[in-house]
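Open the structure in a viewer and follow the selections below in order. Each stop gives something to select and then says what is there.

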Amino acid sequence: MRSLIFRTAAGYLLPILLLFSVFILLRGHYLPGGGFVGGLIASIAFVLHSIANGIENTKKIFKFHPRILMPMGLCLSLFSGLSPLLVNKPFMTGLWFKEPFPVIGMVGSALFFDIGVYLVVIGVVLTIIFTILESI
Amino acid sequence: MEILLSFITGFLYASGIYLMLRRSLVKMILGLILLGNGANMLIFLLGRMVKGEPPIIPDAAKTLAGIYADPVPQALILTAIVISFGLQAFAIILMERAYKFVQTDDLDQMNSTEEDI
Amino acid sequence: MLLAILSGFILAILLPLLKNILRGGLFILLSALPLSLFVYFLSWLPEVKAGGDLLFSYQWVPSANVNLSFQLDGLAMLFCLLITGIGSLVFIYTSSYLKGHPYLGRFYGYLSMFMASMLGLVLSDNLLLIFIFWELTSISSFFLIGFNNDSEASRKSALLALSITGIGGLFLLVGFVLLNQAGGHYSFTALLNSSPDLASHPMYGWILFFLFIGAFTKSAQFPFHFWLPGAMKAPTPVSTYLHSATMVKAGIYLLARFTPVLGETVWWNGTLTLVGGVTMLYAVIHALFRIDLKGILAYSTISALGLIVFLLGIGTPESLLAATVFILVHALYKATLFLVTGIIDHETGTRDVTRLAGLNKVMLPVGIAAFMAALSNAGIPPTFGFLGKDLIYDATLRSGSLFVLLTGAAVVTNICLLFTGFKAGISPFVGPLPQEFKQVHLPSPLMWIPPLLLASCGIVFGLFPFLIEGSLLVPAVSSLLSTAPDFHLQLWHGFNIILLLSTITIGSGIFLFYYLQSSESKLAWVSRFEPFSPKSVLVGMAKGFALFSAAWTNLWQNGKLRHYVFTIMAFLTVLLAVRFLQGIRLNLNLQSLSDLAFYDVAVLLIMATSILFAVFTKSRLQALASVGVMGFCICLIFLFYSAPDLAMTQFSIDTLTVILFVLVLQKLPGYIKEESKAIMWRDGILAFCFGTLICILALEVLQEPLHREISKYYAENAYTMAKGKNVVNVILVDFRGFDTMVEITVLAIAALGVSGLLRLSTRKPENK
């Protein structure tokens, strides 16, 4: 399984796939994609890396346990939902910046919500896979 | 196409149930996966099939018009797929744990709640 | 009024705090509560006598039409005075009887709780309120009967009493609800005004049925009488209070209360006469053979209750008068006899009538009390009991066509009741004093004054009936009748048939008392019929029911997962099949379907093959791979039919699932050998049927017209409101964002569950 080609390829694949996943995440509001798919692609990238290089090496990329991504994502989603309350609008009203940002496009509370989903999905998948890999 | 698809949905259900009724734990979980996919297909089918018209608003327009695929069942299925992943992951790990403790994957022998864990 | 009723509950709540202050002999101070209540109710006597409409209403749950409305009429007054009067004496008596008991405070708490519930019961005007207080009496009596909670017999009889009276209470509730539907009111006074309609109401029979079960269980009527002898396990003050004077009279009270509303029909009178008659004869014959003093008293109480029900059943003004008088007569002498029994038990340590004798020599005042009570019980002039018996005979003689039968039953019952009264009240006190009781001494006056007081009441009321006639009995009877009663109590009526019957009763009773000696052997002889008694039948039924439910549970809940799945699936299949059999119309409009492209067919073929492979292959890895292939096929279908988001998600999830499974699979054993061909065929057929039904279901739904209002709303507003062009994504993160948030929370929980499960094992070896 851990052939040289695979390992080398996995090393290059990881950043490419991560970049791709962010791309998928950001374009989700206009074209197919979104937090769920983006998160899944990102986690597949990490899983691929860990299979090729061993779990220890993958963990080194992270400075922290991926489990932390779950509460982070959940909080981000929750706050993006709560933010309209600050401007006296009901829970989860969409808020948008007036002008589009370069590269990203329109930015609004829905985008932060989607990023939260993205983080939770990565956290969930990696937590599951890593715990299994560790226990084998 | 719809007719064939409803056949295949029924087939997914049938095989899922058949596998769930087997004694082996692994088969049971495979059955669970098949059943889940069957349910997704059923929802998808009942939302009607539309070819090549995804529910994405074209650049020029502000609303979807004409023929387009129903976005509601799609959102439902997307949720279902992700949740079923959580369920399957949990079931797979549970199965592994259960086998480790009970030293059997025979469902018929896992019928006691008094097992010493 | 509200305070008067609730004071008992308040006292019960305060007792845990008070009991440290009241340690020692100070518990007698608690008797001030029932005593003051007694005086309080006495002070209402003039107004009740005047026939004033004493209604006290307090708002409680106005939305449900349940208000704390209380009504003080003659009947309620009679019961209130009994409850508080006898209650006071019992409170005083207990302070000496259970002196130094570690849980005396608790006992008083239960006792005052019981008193309060009983007061609430007789005073309530609202049916639901009656029910609440009714159940409260059951619950507090449960605690009182089981007061000696270290004795198993005591706990058992408490549970028996609770289950019988509690079930009765539920029946009562049903009866009340029906009554409300029929009469339109929960208020008793309102029902009273609409009573003519009720007897012809179609639900009348059911109302009677439920009401009767409730009343009969509480008042220990045949065949629900058996909890009462068991309840004698309670400390004697409890037996005195609950089982002679008050709680068992709750059923009687209810029947009396509803006589003007529901009575005067064949069903009402016939049932009550029959049940009451059977109870009084059955119980009194049982009482003849008991040798335990409390046992004798218990059965004679049941018999007396039967007699009252019997009199209520006859339903003439004379019989209602007799019933009212007899309630008072009975309460007076039976409470006395119980209290006396308690003293005997307390001082000698036995309640066996074959051993007790000659106690007059050591406790004369007690003997006098018992003697007076026995006389009143026997109905020997000039006691109050004589008056009561006269009225009973007067009532039965004028009861109509069956008067010979009814009078005969009443005479037999009275003869035996006389016997039991003598047995309990006279025989322990006469004759030579056995050696073993030489040291027995008179207890504290706190114990013997209450019975003496009660017994003297029995004589005084007999000699001077006018004392209570106008003030108490007339209002009580008038609340049972629609017309004003017209009677005059007196001892001497002249020589007539009633006097003759009384003489016969007294003569044969005394003869029986001398002739029939209680003994162990006679008790044993009666006990042979135990297996046929209602108690054994009920206990047997309960056991049978437990066995049946165990067998039933084991049949379905056998711990085999496959069995459950099979049952559920089979049931679902049958359900669906039945629905489809009622009519399917498969006329799909082929024009509306989408075209079939060759790549569609190819994908479906691959899919079908991989499913087949997954089901039948012997290798787990191959099965897993086939499931993966199947997942990718689904992904392709999503892609072909305009669901790019789904396709992407399905693709990644499928990959991850397969990876996950492969990681775990290497640690699992190979497939176990499958079971017999027959089971495989059975499961296969079930699966095939279910799959077919799903297929039909899908085709059925496809021909229904589609309503897409929701989709249309989303499609139109996705960009204008949420500034997104991918409608699916907009639904997920904006329109239904809250759902998505819950969903990712669920996912996170699943992940935590997985990591927790795996952690369980890594820590396992260390624990060992």
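Select C:Glu152 and C:Lys156 in this predicted model. Both belong to helix α6 of chain C, residues 152-183, and they sit four residues apart, about one turn of the helix. An α-helix has 3.6 residues a turn, so residues three or four places apart point the same way. The two side chains form a salt bridge, with the closest N and O atoms 4.0 Å apart. C:Glu152 has a relative accessible area of 49%, which makes it partly exposed. C:Lys156 has 57% and counts as exposed, the cut-off being over 50%.

How many salt bridges does the structure hold over all chains? The total is seven.

Next, select C:Asp683 and B:Arg22, which form a salt bridge whose closest N and O atoms are 2.8 Å apart. This pair crosses between chains: C:Asp683 is in helix α28 of chain C (residues 677-702), and B:Arg22 is in the loop between α1 (2-20) and α2 of chain B. Are these two residues buried or exposed? C:Asp683 is buried, at 0% relative accessible area. B:Arg22 is buried as well, at 1% relative accessibility.

Move on to C:Asp600 and B:Lys51, another salt bridge, with the closest N and O atoms 3.1 Å apart. C:Asp600 lies in helix α25 of chain C (residues 598-616) and B:Lys51 in the loop between α2 and α3 (71-102) of chain B, so this pair too joins two chains. On the chain C side, C:Asp600 is buried, with a relative accessible area of 1%. On the chain B side, B:Lys51 is partly exposed, at 31% relative accessibility.

**A buried asparagine in chain B**

Stay in chain B and select B:Asn40, in helix α2, residues 25-46. Its relative accessible area is 6%; the limit for a buried residue is under 20%, so B:Asn40 counts as buried. Show its surroundings: leaving out residues up to four places away in sequence, B:Asn40 touches B:Ile77, B:Ala80 and B:Ile81.

**Chain C and its helix α14**

Now display chain C by secondary structure. Chain C has 31 helices and two strands. Of its 768 residues, 58% are buried. Among contacts in chain C with a separation of 6 or more, 77% are between residues 24 or more positions apart.

Select residues 293-314 of chain C, which form helix α14. Why is this helix described as largely enclosed by the rest of the structure? The reason is that 22 of the 22 residues of α14(C) are buried. Its length can be checked with a distance label: at 1.5 Å a residue, the 22 residues should span 32 Å, and the end C-alpha atoms are 31 Å apart, which agrees. Directly after the helix, select C:Gly315, whose phi is positive, near 75°.

Within helix α14 of chain C, pick C:Ala304. C:Ala304 is buried, at 0% relative accessibility. Apart from its neighbours within four places in sequence, C:Ala304 is in contact with C:Phe326 and C:His330. Also label C:Ser244: C:Ala304 and C:Ser244 are 60 residues apart in sequence, while their C-alpha atoms are 9.5 Å apart in space.

**The interface of chains A and C**

For the last stop, show chains A and C together. Here 41 residues of chain A are in contact with 39 residues of chain C. The area buried between the two chains is about 3500 Å², and carbon and sulfur atoms give 79% of it. Select A:His29, A:Phe36 and A:Leu40: these supply 15% of the area that chain A buries against chain C, more than any other three residues.

What does the count of polar contacts between chain A and chain C come to? There are three residue pairs in polar contact, both residues being at pLDDT 80 or more. Helices α2 (35-53), α4 (69-82) and α5 (109-135) of chain A each supply at least two residues of the side that touches chain C. The largest share of that side, 14 residues, comes from α5(A). By class, that side of chain A has 28 nonpolar, eleven polar and two charged residues. Across the interface of chain A and chain C, the rule finds zero salt bridges.

Terms used:
Residues numbered from 1 in each chain as written. Chains lettered and ligands numbered in written order. Predicted model: local features only at pLDDT ≥ 70, side-chain atom pairs only at ≥ 80, totals over all residues. Heavy atoms only, no water. Contact = heavy atoms within 4.5 Å. Buried area = accessible area lost by both parts, 1.4 Å probe. Polar contact = N/O pair within 3.5 Å; in protein donor to acceptor, adjacent residues only side chain to side chain. Nonpolar A, V, L, I, M, F, W, Y, C, P; charged D, E, K, R; others polar. Expected span 1.5 Å × (residues − 1). Buried < 20%, exposed > 50% of the residue type's maximum accessible area, 1.4 Å probe, protein only.
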